[in-house]
Amino acid sequence: MEYDFKAIESKWREYWAKTGIFKTPARPIRSGGPASPLPELTAGQAGKKKYYLLEMFAYPSGDIHIGHFRNYAMGDAYYRYKKMCGYDLLHPFGWDAFGLPAEEAAIKNKLHPRNWTLNNITTSRTTLQDLSISYDWDREVITCQPDYYKWTQWIFLLLYKRGLAYQADSFVNWCPGCKTVLANEQVDAQGQCWRCHSDVGKRNLKQWFFKITDYAERLLKDIDKLTHWPENIKTMQRNWIGRSEGTEIQFPIANCELRIGVFTTRPDTIYGVTFMAIAPEHPLVEKLVTPEQKDKVAAYVKQALAKSEIDRASADEKDGVFTGSYAVNPLSGEQVQLWVTDYVLVHYGTGIVMGVPAHDQRDFLFARKYNIPIKVVINPPAKTLSPETMTEAYADEGVMTNSGPFNGLPSAEGIGKVTEYVRKKGLGEPNVHYRLKDWLLSRQRYWGAPIPMVHCPKCNVQPVPESDLPVLLPEDVKDFIPKGRSPLADVKKFMDAKCPKCGGPAQRDPDTMDTFVCSSWYHLRYTDPKNTKEPFSKAEAAKWLPIDTYIGGSEHACGHLIYFRFITKVLYDAGWVNVDEPAVRLFNQGMVMDEKGEVMSKSKGNAVSPIDLMNTQGMDASRLAIFFAGPSETEMVWSDQVVVGARRFINRLYQLVESLPPATAEAVGDTRKLAAAAEMSKLYRKMHLTIKEVTEDIEQFHFNTALSKIMELVNNIYDVKNLLRHPTRAADMEGVKGIIRKATRVAVQLIAPLAPHLAEELWEKLSEQNSIFNQAWLKHDPSALEQEKIELVIQVNGKVRSHITVPSGTAEDEIKKQALADEKVQQILKGAPPKKVILIPGRLVNIVG
RNA sequence: GCCGGAGUGGCGGAAUGGCAGACGCGUCGGACUCAAAAUCCGAUCUCCGCAAGGAGGUGAGGGUUCAACUCCCUCCUCCGGCACCA
């Protein structure tokens with residue numbers, strides 16, 4: 001009979017839904033008694049039974065496509081495997097439901113963003129349920145619902161109370177397309193908006209920030225704890241945080257009281273300073289410019305700010321304008337000109353640099369352009385540089401020269417010596433700077449969580465009291481077309497508020513929060529999603545945290561994956577959670593591409609619907625095809641071709657089970673005795689080897705090799721079965737049937753995480769009553785892997801020349817003797833004595849002639 | 001430019017110091033069939049050879065080793081990330 005995937009898959013889908021097999025156990029079993037509030041149990045502790053498996057939740061942009069499906073199918077397979085291993089699992093799902101596309105779609109379709117979003121969620125949820133992904137839907141979270149964003153606002157207030165949320169005027173990334181500000185993480189390498197790819201500009205606005213820089217050092221240092229995270233993600237985070245050790249040195253301004261600090265990693269070049277440079281946005285520019293230069297500087301600043309980030313960064317020429325002020329080199333006493341230039345970044349270091357043209361390429365270009373002197377203070381080993389002949393800066397190490405008391409010192413040593421000197425003189429001190437900037441979270445958009453702050457004319461900024469949360473997003477807003485300021489600013493009913501401090505009239509903050517705030521703590525809400533009194537209870541969080549395996553795309557390396565580490569640390573410091581890192585293991589799944597090699601996505605219109613696949617190919621066949629296509633972490637190309645092998649395999653296994661004698665003939669007794677004949681003992685061994693290898697593979701997300709090994713087992717079963725077609729030893733028949741049946745059961749159990757509907761059906765056919773997912777995962781018998789006879793490869797000079805079979809446990813000398821006596825070996829050696837004989841036990845003998 | 005990752009049959013890929021190409025797709029041959037599909041069996045890295053067998057072979061070149069897809073050095077190509085970071 002053909003395998004009727006439609007009937008069988010829907011039968012088991014309904015069965016799982018009815019029996020509630022994916023529900024989270026109320027109390028995960030922990031060794032050492034029931035969970036207590038904030039117990040000391042953490043992941044990695046021996047005997048723990050809980051398992052928190054999480055896939056990154058989804059932005060509900062329409063329906064689930066095959067790219068999502070690959071991600072969720074991996075999680076589902078791993079869930080089912082872990083369940084069979086006896087873990088109590090938390091495997092929730094939810095929706096990252098605030099965000100710009102909802103507004104855009106709403107404007108286009110004349111739908112409220114809320115309705116558009118909730119409709120998409122309904123569609124996508126139904127799809128996931130149809131696909132039998134093992135989520136506990138009782139724990140679903142939807143970030144745009146007041147019962148969720150109430151606690152997002154609570155998190156904001158927590159950060160505010162802890163001095164980690166502040167409002168500041170600053171030049172921020174402004175996307176003219178989205179008409180909102182963007183976090184640094186949302187501007188790509190081309191200086192464009194991550195969503196609409198408009199060139200991002202700069203605007204000076206008063207905005208809310210989270211002080212993630214306070215956590216820079218810990219976020220960096222604790223990367224070392226993440227031993228089960230992919231190396232590339234950790235490297236990306238390290239680069240993103242960008243720790244840089246250097247020295248901050250104060251330069252007095254001539255003829256005035258001001259001093260300016262510069263940050264440098266090369267204090268050894270300080271005697272080579274021939275100018276100073278300040279960023280155009282720097283607040284001190286106004287104070288440092290002299291009246292004569294005022295107009296020129298103002299014009300320059302204006303045009304610099306008008307440039308897009310990318311134009312500014314890609315300019316080959318370094319240009320600038322003299323401010324009219326002079327800075328005094330605190331070591332040499334020399335006076336140098338202070339320039340404004342846009343190659344200095346206001347956000348990095350102090351926003352002011354010392355210009356050392358001889359030893360910094362950018363400074364060199366700048367000095368050449370404006371005829372600023374070049375002074376050599378580092379000479380390369382055994383060479384003397386001359387400013388006149390230099391064509392580029394010499395930035396490497398060397399020997400200090402023209403540097404007063406430091407002459408003759410190797411520059412590497414000079415760094416420490418100069419720092420020490422300025423520190424003693426009170427002119428500066430060692431300092432560390434980070435590339436990481438504070439997290440800009442205000443958005444001038446409607447569809448987000450309102451910022452729970454009010455602005456009182458008397459009391460300034462005041463937090464909304466916790467008891468007044470949530471600050472509800474007004475629903476009856478019709479005009480959310482972006483205008484460059486928050487649509488909420490025009491909703492009088494929303495804006496008018498009482499000051500929590502003085503009770504006087506005040507205004508709400510009109511901005512909403514970056515959606516990355518919503519997604520930075522959802523993993524915590526899952527532990528206690530219906531709590532109305534707290535964001536989550538400490539006890540529930542303690543039960544489940546940390547996430548044991550987190551599955552998601554590597555594109556979140558420097559965004560979400562840093563933010564959720566940060567928020568977890570803040571909550572750890574505040575005593576809410578007992579882990580300071582959210583996820584023990586991170587797994588990055590590869591993307592799904594179409595046959596042209598392009599990423600599948602809704603916007604490209606090339607996305608394959610998993611529902612279509614389910615209807616045409618079957619869910620299990622589609623899953624197996626996805627798993628088999630290649631390693632889980634690499635990209636895969638989807639084509640209908642890849643399902644062919646999977647479908648054949650499913651039929652092959654189904655036919656195998658169908659062809660077994662009735663259950664009464666089951667001979668599952670002492671299979672070792674049955675394994676008398678050579679073929680049988682080979683199959684018996686293969687069965688245990690497969691259990692071992694498949695277990696190891698699934699544990700490591702190597703679903704492709706796991707499946708290939710199950711295929712091998714099934715092929716071997718067929719080989720043995722084919723022997724029955726021409727039986728020569730009738731007495732062995734029953735034993736052979738028994739081992740076939742046993743091995744088939746094993747194959748069915750091993751395939752269960754990968755092809756769950758098929759496995760349930762076959763399990764039932766094998767006369768089992770209970771769900772296969774309530775069965776214990778198989779354990780291999782190590783003694784079954786031992787072989788009575790071992791085949792060894794015989795090499796001569798590293799080339800395979802022959803094979804011998806020896807009883808296991810044969811003495812090394814005996815093996816070597818036999819190897820040398822081999823006919824083939826004799827032919828090649830021609831009687832000459834071997835120089836060396838190398839024996840690798842259980843593998844090979846290499847004879848060096 | 002800097003930092004990661006990768007490069008293996010016609011294709012997806014396997015093997016992380018020990019028989020390169022497991023498993024699957026495709027192709028070819030055979031069985032079944034009136035025929036086809038499906039299914040089953042066999043072959044399938046390249047070259048020489050009827051065969052037995054032999055030689056070469058994992059981006060290129062060098063090295064370490066009894067033995068290298070695997071480790072080391074140099075280079076090429078592709079992918080990803082960062083990039084005026086002082």
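These notebook entries record what I looked up in a predicted model of a protein with an RNA strand.

**Conventions.** I note that local features need pLDDT of at least 70 and side-chain atom pairs count only at pLDDT 80 or more, while totals for chains, interfaces and linings use all residues. Residues are numbered from 1 along each chain as its sequence is written, chains are lettered from A and ligands numbered from 1 in the order in which they are written, and side-chain values use heavy atoms, with hydrogens and water left out.

**Entry 1: RNA strand B.** I looked up which residues are near the strand, that is, have a heavy atom within 4 Å of it. I found 46 residues around RNA strand B, the closest being T265, R312, K318, R362 and A629. Of the RNA atoms that come within 4 Å of the protein, 61% belong to sugar and phosphate. By class, I list 18 nonpolar, 15 polar and 13 charged residues on this surface. Here Ala, Val, Leu, Ile, Met, Phe, Trp, Tyr, Cys and Pro count as nonpolar, Asp, Glu, Lys and Arg as charged, and the others, Gly among them, as polar. Helix 23 (residues 703–723) gives the most to the surface, with 7 residues. Helices (H or I, at least four residues) and strands (E, at least two) are DSSP runs, numbered from the N terminus.

**Entry 2: Polar contacts with the RNA.** I then looked up pairs of N or O atoms within 3.5 Å. A polar backbone atom of T265 is 2.4 Å from a sugar or linking oxygen of RNA strand B. The side chain of Q641 places an N or O atom 3.5 Å from a sugar or linking oxygen. For N715, a side-chain N or O atom is 3.1 Å from a phosphate oxygen.

**Entry 3: Cysteines.** I counted 0 disulfides in the structure, taking a disulfide as a pair of cysteine sulfur atoms within 2.5 Å. C459 is buried (under 20% relative accessible area), at 17%.

Entry 4: I traced an open sheet of 4 strands in the order 11-12-10-13, with mixed pairing. Strands pair if DSSP finds at least two bridges between them. Strand 11 (320–328) and strand 13 (352–355) are the edge strands, each pairing on one side only. Strand 11 pairs with strand 12 (residues 335–341) in the antiparallel sense over 6 bridges. Within strand 12, V340 is the residue opposite V321.

Notes
A polar contact is a pair of N or O atoms within 3.5 Å; within protein, one must be able to donate a hydrogen and the other to accept it, and residues adjacent in sequence count only if both atoms are side-chain atoms. Buried means under 20% relative accessible area, exposed over 50%, partly exposed in between (1.4 Å probe, protein chains only).
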